[in-house]
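Please read these notes with the model open.

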Amino acid sequence: MTLASATRRSATRTPDAGGRRRPVDHGAWFLVLPALIPILVLSVGPLLYGIALAFTDAQSGRTAPTQWIGALNFQDLLHDTLFWESFRIGLLWAAGVTVPQFLLALGLALLLNQDLRLRPLARALAIIPWAMPEVVVGIMWRLVYNPDAGILNETLRGLGLGDGHDWLSGLGTALPAVIVVGVWAGMPQTTVALLAGLQNTPRELHEAAAVDGAGAWRRFRTVTWPALRPVALAITALNLIWNFNSFALVYVLTNGGPGGRTRLPMLFAYEEAFRYGQFGYAAAMGCVMVAVISVLLAVFLVGRIRGGDES
């Protein structure tokens, strides 16, 4: 028996929205399983294990058996001012990176969508930061911010704007300096997504608006932005989630310092788990972060559904 005949025989018919009967191919599940099994094993399984771990007193190097302690870790977390401070820093970091990242990427996408002379080369250069690993980006920017021989301080000295500054160690400059790196590293993927949205906008609409006498700003507001808005909402929501979950970039740049000024929630949970061995407590932190991300995803999905209904 061939696969085609097997799937045809396994098909049943169910009513659709109009009351008609449509075939349902149960054999298609066998085609989905190779992709579904790794997701269940590598994503859903560890997530469920982490949630269960949050209700225990699991610690590293402990000889006694792990005990179920209920919501005690979450009760302690409610009174942990250091964690909530890291949570506040994480929100500042996520918003501080996502907003300028989108604005700069939008401007760059609009520029790269023009008929430039070396447009293919410009597009290739624009995605270089995206192709670099976060660890490499962090090391490179540590050299840029180096207080003694970094290119930033050397430029400031050359312009007569002072003797330089220790950007990553200053209490007031560490977080803004790291945000600049986050914007630079994440802007290319936002640019690519927005550029794809711009290229899907029919050129005839722009030409018709130009014939009607619409200027550049009016064409953007009435033609470009309505077509680009779904892509913009999707990439902004994803960037906000990715930035809130950042770890490697900030870890390489500052390791959460100075004085915890750049200690993101993910860094805080990492320290609790692998420096202090409090696996159960760190898992509770992870559950809180998963809950926040789930809320962001829910808001995004509700917005997309309402937008689809209105259209």
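1. Some terms first: a residue is buried under 20% relative accessible area, exposed over 50%, and partly exposed in between. At 28% relative accessibility, Phe-279 therefore counts as partly exposed. Phe-274, at 62% relative accessibility, counts as exposed.

2. These two residues form an aromatic pair, Phe-274 with Phe-279. A pair of aromatic rings is described by the distance of the centres and the angle of the planes. For Phe-274 and Phe-279 the values are 6.1 Å centre to centre and 70 degrees between the planes, an edge-to-face arrangement.

3. The structure holds 17 aromatic pairs. Elsewhere, one aromatic cluster is made up of Phe-83, Trp-84, Phe-87, Phe-244 and Phe-268.

4. On confidence: this is a predicted model. The average pLDDT of the protein chain is 84, and 89% of the residues score at least 70. Residues 1-15 have a pLDDT below 50, and this stretch has 25 contacts in the model beyond near neighbours in sequence. Where pLDDT is low, the predicted coordinates should not be read in detail.

5. Which side chain of opposite charge is nearest to Glu-272? That side chain is Arg-263, 7.9 Å away. Glu-272 is buried yet has no salt bridge; a salt bridge would need a side-chain nitrogen of Lys or Arg within 4 Å of a carboxyl oxygen.

6. Glu-272 sits in helix α13, which covers residues 265-274. Leaving aside residues up to four places away in sequence, Glu-272 touches Gly-277, Gln-278, Tyr-281, Ala-282 and Met-285.

Terms used
Residues are numbered from 1 along each chain as its sequence is written. This is a predicted model: local features need pLDDT of at least 70, side-chain atom pairs count only at pLDDT 80 or more; totals for chains, interfaces and linings use all residues. Side-chain values use heavy atoms; hydrogens and water are left out. pLDDT is the predictor's confidence in each residue, from 0 to 100. Contact means heavy atoms within 4.5 Å. Helices (H or I, at least four residues) and strands (E, at least two) are DSSP runs, numbered from the N terminus. Buried means under 20% relative accessible area, exposed over 50%, partly exposed in between (1.4 Å probe, protein chains only). Lys and Arg count as positive and Asp and Glu as negative; His and the chain ends are not counted. Rings of Phe, Tyr and Trp (its six-membered ring) pair if their centres lie within 6.5 Å; planes under 30 degrees apart count as stacked, over 60 as edge-to-face and the rest as tilted.
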